[in-house]
Amino acid sequence: MSKIIKVGIADLNVAKTPDILVTYALGSCVGICLYDVSTRISGLSHIMLPISESVREGPLAQPYRFADTAIPILVKKMEQLGSSRFRMKAKIAGGAKMFAATGNTSISNIGLRNVVAVKAALSQLRIQIIAEDTGKDFGRTVFFQSEDGKLIVKSATKGEWVL
């Protein structure tokens with residue numbers, strides 16, 4: 001019987017089959033789902049911001065909060081369970097533009113900046129993105145299955161679909 005492992009905002013976790021990772025409230029945040037098909041080990045990170053370089057100290061300096069620091073940590077945690085970075089594939093969701101704003105400010109396009117940073121971090125680690133559901137203007141909840149790497153995306157306004 002599988003258990004559901006919740007991943008909060010600015011959090012990450014790993015799971016082995018048959019467990020399911022879930023994160024809620026992906027607006028401009030991005031959920032990064034990594035999967036190793038050989039070991040059926042999965043990982044999920046819920047990042048809030050693209051890069052950590054501007055926040056080095058204080059309560060905001062939590063490494064799980066940022067794409068550039070959270071993704072390498074997630075990979076390492078999966079490797080500690082027996083996964084290999086060279087077998088990992090990624091699926092990503094989120095990065096929405098949740099609020100209408102005039103102009104193209106860094107705040108109004110934080111979702112896009114998050115997606116760009118996630119893709120850069122995964123590329124640097126040579127992890128291929130095999131599916132994504134990013135952008136648009138609605139929030140998402142994701143369920144990531146360790147059994148088969150299936151990513152179920154749910155939206156209160158758009159329904160449910162599988163990546």
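1. In what order do the strands of the open sheet of 5 strands with mixed pairing that includes S5 stand? The order is S2-S5-S4-S6-S7. S2 and strand S7 (128-134) are at the edges with a single partner strand each, so one side of each has no neighbour in the sheet. From one strand to the next, the twist averages 15°. Note that this is a predicted model.

2. As background, strands in a sheet are held in pairs by backbone hydrogen bonds, and the pairing is either parallel or antiparallel.

3. Strand S2 (residues 11-16) pairs with S5 in the antiparallel sense, over 6 bridges. Within that pairing, asparagine 13 has leucine 44 of S5 as its bridge partner. Strand S4 (residues 30-36) is also antiparallel to S5, and 7 bridges join the two. Here leucine 34 stands opposite glycine 43 in S5.

4. S4 and S5 form a hairpin with 4 residues between the strands. In this hairpin, arginine 40 has a positive phi near 55°.

5. Is S5 buried or exposed? Buried means under 20% relative accessible area. By that cut-off, 7 of the 7 residues of S5 (residues 41-47) are buried, so the strand is largely enclosed by the rest of the structure. Ile41, Gly43, Ser45 and Ile47 point one way from S5, while Ser42, Leu44 and His46 point the other way; all are buried.

6. Further along the sheet, strand S6 (residues 88-94) runs parallel to S7, joined by 6 bridges. The bridge partner of isoleucine 92 in S7 is glutamate 132. Helix H2 (residues 110-124) packs on the sheet and touches S4, S5, S6 and S7. The direction of H2 makes about 25° with that of S4.

7. Another helix, H1 (residues 67-80), lies across S2, S4, S5 and S6. H1 runs at about 160° to S5.

8. A further open sheet has 5 strands in the order S1-S3-S8-S9-S10, with mixed pairing. Its edge strands are S1 (4-6) and S10 (159-162), each of which pairs on one side only. Neighbouring strands of this sheet are turned by 20° against each other on average, direction ignored.

9. How many bridges does the pairing of S3 and S8 span? Strand S3 (residues 20-26) and strand S8 (residues 140-145) pair over 5 bridges, in the antiparallel sense. Leucine 26 has arginine 140 in S8 as its bridge partner.

Methods: Residues are numbered from 1 along each chain as its sequence is written. This is a predicted model: local features need pLDDT of at least 70, side-chain atom pairs count only at pLDDT 80 or more; totals for chains, interfaces and linings use all residues. Side-chain values use heavy atoms; hydrogens and water are left out. Buried means under 20% relative accessible area, exposed over 50%, partly exposed in between (1.4 Å probe, protein chains only). Two strands pair if DSSP finds at least two bridges between them. Axes are lines fitted to C-alpha atoms, for helices over the stretch in contact, and angles run from 0 to 180 degrees between N-to-C directions. Contact means heavy atoms within 4.5 Å.
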